[in-house]
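Have the sequence and the model at hand.

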Amino acid sequence: MNSYNRNKITNNIHYFKRIDSTQELAKRILKKKSLKTPLTLVADEQTKGHGRHGRDFYSPPTTGLYFSIILPNWKKNLSKNELLTIDIAVVISKVLENFFPDKSFKLKWVNDIYLKGFKVAGIITDVYPNSNGSLNLIIGVGINLSTAQFPNYLSYKAIGINTKSTVDQNKLLIQIIKKIIKYYYSKKHFLNDYRKRSLILGKNITIQLGNKTIESIAQKIENNGYLTVKEKNGNLKTFSAGEIIRVRLNEH
Ligand code: BTN
């Protein structure tokens, strides 16, 4: 995997060889100025990459794609709020499917991208104000492209999409940015595409809610993106948030 070709990086994409976190840099930029058009920050390596639920996102040099897109004028898009994370996961999966046509990407509620039962990409979304108070959406994306080795705590959970990948990192990045920006300014949703790619529907799963864990079978992704599960006693429960910490892929 090569690092980015600086000649192909445009004004709207800022490239860093090594940075703490593109997501945190995005927030630092917004504290100082307000943007009128989208800006992407991309790094070859992150020293403090992070995900949702306060987790680290392992971001070693050049074998992954690590970037954050700042999308201004979030207020105008409030109607998107509920399905946003679901839609973004589909948008990115579709681009990955074009670049890796022999791979079958799956989505773990809400928006982790999986391959063969292992996580290959994560997405984080933050709504963040600029100095004048108007809101921006920051979408942070981390994709393990060719990463072959993960630290012990991740080695049973994460893989690279293809450790011998030769995909053009610039083209992949630019395609994803284009599709995300197009989605942001459209009124489209991708709920059915999301359901089709679900890793969890019909499977036994464990959901974590605070300190509590719930064992259940994933039944349905509702029209608002919420997840309905069936507990052991037959009760149905619907969740707007929560983390699925286990999916039993070989059962059902
Ligand atoms: C998750 O798995 O929960 C989300 C992971 C998001 C990682 C990306 S990498 C680029 C951007 N910078 C960060 O620190 N996080 C996001």
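Strand β6 gives the largest share of the shell around the ligand, 4 residues. Helices (H or I, at least four residues) and strands (E, at least two) are DSSP runs, numbered from the N terminus. The model is predicted: local features need pLDDT of at least 70, side-chain atom pairs count only at pLDDT 80 or more, and totals for chains, interfaces and linings use all residues. Residues are numbered from 1 along each chain as its sequence is written, and side-chain values use heavy atoms, with hydrogens and water left out.

**The ligand**

At least two shell residues each come from α1 (22-32), β3 (64-71), β6 (118-129) and β7 (135-144). There are 20 residues around the ligand (a heavy atom within 4 Å). Ser21, Gln46, His50, Arg52 and Lys119 come nearest.

| Residue (backbone atom) | Ligand atom | Distance |
|---|---|---|
| Gln23 | nitrogen | 3.5 Å |
| His50 | nitrogen | 2.7 Å |
| Arg52 | oxygen | 2.8 Å |

Taken alone, the ligand exposes 410 Å² (Shrake-Rupley method, 1.4 Å probe). The protein buries 98% of that.

**The sheet**

An open sheet has 5 strands in the order β11-β10-β9-β8-β12, with antiparallel pairing. Pairing takes at least two DSSP bridges between two strands. β11 (236-239) and β12 (243-248) are the edges; each has a single partner strand, so one side of each lacks a neighbour in the sheet. Antiparallel strands β8 (residues 204-209) and β9 (residues 212-221) are joined by 6 bridges. Gln208 has Thr213 in β9 as its bridge partner.

Note on methods:
A polar contact is a pair of N or O atoms within 3.5 Å; within protein, one must be able to donate a hydrogen and the other to accept it, and residues adjacent in sequence count only if both atoms are side-chain atoms.
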